[in-house]
Amino acid sequence: ACDGSGYTVTITTKQGLVGGAYYVFRLGVQSNPRVPPPDRFWTLAIGDESSEPFPGFALWTFTGTAITARTAAHSVASAPFLNRVTITFSPQNSVPEGGAVVAV
């Protein structure tokens, strides 16, 4: 089971953990913070023991997002109208030459 609140996530296992084994888990977030924290360090705690902080990573997020229509006009089935939009955003990380941003 997994439960999160604020900056803390609690993961509970019924089977326990085996020493020397590798474990993989994925966390989902409800929303990104308005301003990323200055340090992205994680710690793991089990019982009364905890790890030294280890570095996280910057998420590939976009800020300053907006979609603006050229006009407020709309189409009717008998007379389709093309309405161009402007999409504005600022990426958290650089996109190298030859890279791409895919809008889905």
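Trp60 is placed in the loop between strand 6 (54-55) and strand 7, where strands are DSSP runs of E with at least two residues and helices are runs of H or I with at least four, both numbered from the N terminus. Trp60 is exposed, with a relative accessible area of 54%; exposed means over 50%, buried under 20% and partly exposed in between, with a 1.4 Å probe and protein chains only. The model is predicted: local features need pLDDT of at least 70, side-chain atom pairs count only at pLDDT 80 or more, and totals for chains, interfaces and linings use all residues. Residues are numbered from 1 along each chain as its sequence is written, and side-chain values use heavy atoms, with hydrogens and water left out.

Trp60 also belongs to a nonpolar surface patch of about 790 Å², together with Phe62, Ile67, Val85, Ile87, Phe89, Val95 and Val101. Residues of a patch have over 30% relative accessible area and no salt bridge; like charges are joined within 9 Å, and nonpolar side chains (Val, Leu, Ile, Met, Phe, Trp, Tyr) within 5 Å. A salt bridge here is a side-chain nitrogen of Lys or Arg within 4 Å of a carboxyl oxygen of Asp or Glu. Strand 7 (62-69) and strand 8 (85-91) each supply at least two residues of the patch, and the largest share, three residues, comes from strand 8. In a regular strand, side chains alternate between the two faces of the sheet.

The loop between strand 7 and strand 8 holds Phe81, which is partly exposed at a relative accessible area of 40%. Apart from neighbours within four places in sequence, Phe81 is in contact with Thr71, Ala73 and Ser75, contact meaning heavy atoms within 4.5 Å. From Phe81 to Glu97 the separation is 16 residues in sequence and 35 Å in space, C-alpha to C-alpha.

Pro55 lies in strand 6 and counts as exposed, at 59% relative accessibility. Beyond its neighbours within four places in sequence, Pro55 touches Arg40, Phe41 and Trp42 by the contact criterion. Pro55 and Trp42 stand 13 residues apart in sequence, with their C-alpha atoms 6.3 Å apart in space.

Ser5 stands opposite Thr8 in strand 2. The hairpin of these strands has two residues between them, and Gly6 takes a positive phi near 60 degrees.

The protein chain has zero helices and eight strands. Its C-alpha atoms fill a box of roughly 70 × 35 × 25 Å along the principal axes. The radius of gyration, taken over C-alpha atoms, is compared with a globule rule of 2.2 Å times the number of residues to the power 0.38: the chain has 22 Å, but a compact globule of 104 residues would have a value near 13 Å. Buried residues make up 1% of the 104 residues. The accessible surface comes to about 10100 Å², of which 57% belongs to carbon and sulfur atoms; accessible areas come from the Shrake-Rupley method with a 1.4 Å probe, and for residues only the protein chains shown count as cover.

Definitions and conventions: Two strands pair if DSSP finds at least two bridges between them.
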